[in-house]
Amino acid sequence: MAKIVVVEDETDIQQILDYNLREQGHKVFITASGEEGLRLAREKKPDLVLLDLMLPDVPGTEVCRRLKGDAATSGIRVMMLTAKGEEIDRVVGFELGADDYVIKPFSVRELMLRVQAVLRRPTGPTETSAHITFGRLRVDREAHRVWVDEEELELTALEFKLLVTLYDRRNRVQSRASLLSDVWGIDSDITTRTVDTHVKRLREKLGAAGAYVETVRGVGYRFADSPEEAGV
Ligand code: CA
């Protein structure tokens, strides 16, 4: 059972979500207002906020920005509900730290599966052990050494950081802009192509293990959930 805040102003969708989430045993708090959603998030400390982007008062993207920007609520998972064609909002949402999105109109079954998947993910910083073993990939963080199968790779410091950053947030999409700011320390959207160039080079060096770094069209990159998922 999880606590879920639903911020959605369409009453029919409110009702569908309320009914189905409760049926799965979740505790549900519903509001049509972004401001009220923020208040509920602070007060109820939910496990997940389901967030519509087109709200009557505050845009959903702004709600997400404020949730993720406040230490009291930044650990709460956010799943955005976007209308078809709002790709820009989706990209912005990931940059703001949303954990997933569902495009309306959605199938209730699919939405419930996605909710369960997001709830299974750990929140907050993932554990960082000194050694990573993921399928055919092995990384020694402290020594900055990387192996695929038993062969050691020569990665630049940037490529190493890029690989580890993607790994640490595996199964979450990383936008080019957020990678630029976290790996390169640059806040700019002019040079996002730099990210593509480096990811391409990193993949080439990783060889077979390059399949672990997946492209999410129109958004950015993500590290595979499991080696099996990547098929390597
Ligand atoms: Ca709406």
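The legends below describe close-up views of a predicted model. Local features rest on pLDDT of at least 70 and side-chain atom pairs on pLDDT 80 or more, whereas totals for chains, interfaces and linings use all residues. Residues are numbered from 1 along each chain as its sequence is written, and side-chain values use heavy atoms, with hydrogens and water left out.

**View 1. Protein donors of the calcium ion.** Asp9 (OD), Asp52 (OD) and Met54 (O) lie 2.1 to 2.3 Å from the calcium ion as its protein donors. Donors are N, O and S atoms within 2.8 Å of the metal (3.2 Å for Na, K and Ca); because water is not among the atoms, sites may look incomplete. Along the chain, the donors follow the spacing D-x42-D-x1-M.

**View 2. Accessibility of Asp52 and Met54.** Aspartate 52 has a relative accessible area of 2% and is buried, while methionine 54 is exposed at 57%. Buried denotes under 20% relative accessible area, exposed over 50%, and partly exposed the range in between (1.4 Å probe, protein chains only).

View 3. Strand 11 pairs with strand 12 (residues 220–223) over four bridges; two strands pair if DSSP finds at least two bridges between them. Threonine 215 stands opposite tyrosine 221 in strand 12. Strands (E, at least two residues) and helices (H or I, at least four) are DSSP runs, numbered from the N terminus.
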